[in-house]
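Hi,

Here is the structure I promised to pass on to you. Please have a look at it first; my notes follow below.

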Amino acid sequence: MYKRGIRGGVVTRHIISIGDFDRRQIDRLLDNAKRIDAQKYDNNALYRKILATLFFEPSTRTRMSFEAAIARLGGTSISVDSVEACSIAKGETLADTIRVVSGYADAIVIRHPKEGAARLAAQFASVPVINAGDGAGQHPSQTLLDLYTIRQSMKLDEINVALIGDLRYGRTAHSLALALSLYHARLHTISPKGLELPTSLHTDLSERGMEITEHDTIGDVIKEVDVIYVTRIQRERFPDSASYFNVTSSYRITPELLTGAKKHAIVLHPLPRVDEIDPRVDLLPHAKYFEQSRNGVPVRMAMLLQVIQ
Amino acid sequence: MKKQENPENEGLLVRRIQNGTVIDHIAAGEALNVVKILGITGTTTESLSIATNVLSGQMGKKDIVKLSNRELSKEEVDRIALISPRATINIIRDYKVCEKKGVEIPDMIEGLVRCPNPGCISNTNEPIRSRFIVTPKGLHCTYCEWVIARDITSNII
């Protein structure tokens, strides 16, 4: 799970990509999150520890849940919330920013528009780095909380998971698919033309033994799936509003659609949602996306404990 | 060796060198890329001979590069494997082949290939060199995880 680097004689541990984890490491982290969720944790475990949250791209949930996580463990956070507000606007490299911030904090959480930025940060940091999303790349804490939410409802092994929406650019769907391959899940993909799972990822998952089936509509597979993972289709991917609405309406999750679903099937969404899920679904027991969002705190607490302690 | 393969042309195209390195059995047409991958330009001091599309008993056609007064290091040799894995290296001292070796594909290459992903942090002004792990699928960028599966030469820095 960790990329270990030695700087100044201190071993630092980072969480950069879900691909760095094996199944045992994921299970252990989710077990720890479960204990935390059951209030079985020391709320001063990270007393006087400082978390630096460097968000060079907008974020609400990820940043707030990391800040809530460190606060619940007795620590505090300091932050940079935009490129304009920091010395990167003056031309400073990310490498220098990271070296400087390493002197202020006990761990760094970073979101950056460039892919691989978190890996670079880990290279230059003398404190642990957690990737909170790097461009179209990785977002491991989201994947871990997705897995945690699924595990609250069912075992992770050999489940049928439908991925719906923008599967080409959606990093959360990519990381989740990769993690689920460790649990021998069967994947069902439903996406508009041109927004299918990238071929390279499809090949990679198949080589890992994952069974992947493409479907035209979620209705084709609704009776089979245990998890319906919905991602946002971005408006800018379409030439005009009419074609956008035309496509999104055919991928919308509605109560009528879910009448055909398994009783225990759950609907997840990394949020924010726009039109992908009918608000009436919120009232159904299938809807777990707000629970999923809430789970960000215990999962991120477990991550912070693991890298800082 | 060359006389056996094509005695008439070889003498004219690529003369024997006294000291240096002969890179033989380069895939036909790749000699200029081998030179590029070794960082040899018109402004460097090496005396260089290149023969392309030379007839070869084993390969049909091949390229040959001769470098006078320079013995390639293992790291340099292994870079060649990325574009021509069948190449052989002959270290020449006083007109004699003192050492003959094949190329081995390296585990990792640094600063040699540019990541083709425009969104990769390695394509910015950060103080890092590009870094790729060599896998059976291709070159795997250690920063953005992009894989270069084909046409490595067009990404050589």
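In chain A, the C-alpha centres of domain 1 and domain 2 lie 26 Å apart. Domain 1 of chain A takes in 3-139 + 296-308, and domain 2 of chain A is 141-294; such bounds come from an automatic or database domain assignment. Where the two touch, domain 1 of chain A gives 20 residues and domain 2 of chain A gives 18 residues, with two residues counted as in contact if their C-beta atoms, placed from the backbone, lie within 7 Å. On the domain 1 side, helix 1 (23-37), helix 2 (61-72), strand 6 (129-134) and helix 11 (296-308) of chain A give two or more residues. Helices (H or I, at least four residues) and strands (E, at least two) are DSSP runs, numbered from the N terminus. By class, that side has eleven nonpolar, six polar and three charged residues; Ala, Val, Leu, Ile, Met, Phe, Trp, Tyr, Cys and Pro count as nonpolar, Asp, Glu, Lys and Arg as charged, and the others, Gly among them, as polar.

A word on how to read this: it is a predicted model, in which local features need pLDDT of at least 70, side-chain atom pairs count only at pLDDT 80 or more, and totals for chains, interfaces and linings use all residues. Residues are numbered from 1 along each chain as its sequence is written, while chains are lettered from A and ligands numbered from 1 in the order in which they are written. Mean pLDDT (the predictor's confidence in each residue, from 0 to 100) is 91 for chain A, with 94% of its residues at 70 or more. Over residues 1-10 of chain A, pLDDT stays under 50.

A residue is buried if 20 or more other C-beta atoms lie within 10 Å of its own, exposed if 12 or fewer, and partly exposed in between, with C-beta atoms placed from the backbone. Beyond four places in sequence, the contacts of A:Tyr229 include A:Ala162, A:Ala173 and A:Leu268.

The peptide bond from A:Leu271 to A:Pro272 is cis, with omega near 5 degrees, and A:Pro272 sits between strand 11 (266-268) and helix 10 (289-294) of chain A. A:His184 has a positive phi, near 55 degrees, and is partly exposed, with 14 C-beta neighbours inside 10 Å.

On to chain B. In helix 4 (residues 74-81) of chain B, B:Val77, B:Arg79 and B:Ile80 are buried. They lie on the same side of that helix because they cover an arc of only 150 degrees around the axis, the arc being that of the directions from the helix axis to the C-beta atoms. B:Lys74 and B:Glu75, on the other side, are exposed.

Finally, the two chains meet through 14 residues from chain A and 16 residues from chain B. Helix 4 of chain A supplies the largest share of the chain A side, three residues.

Best wishes
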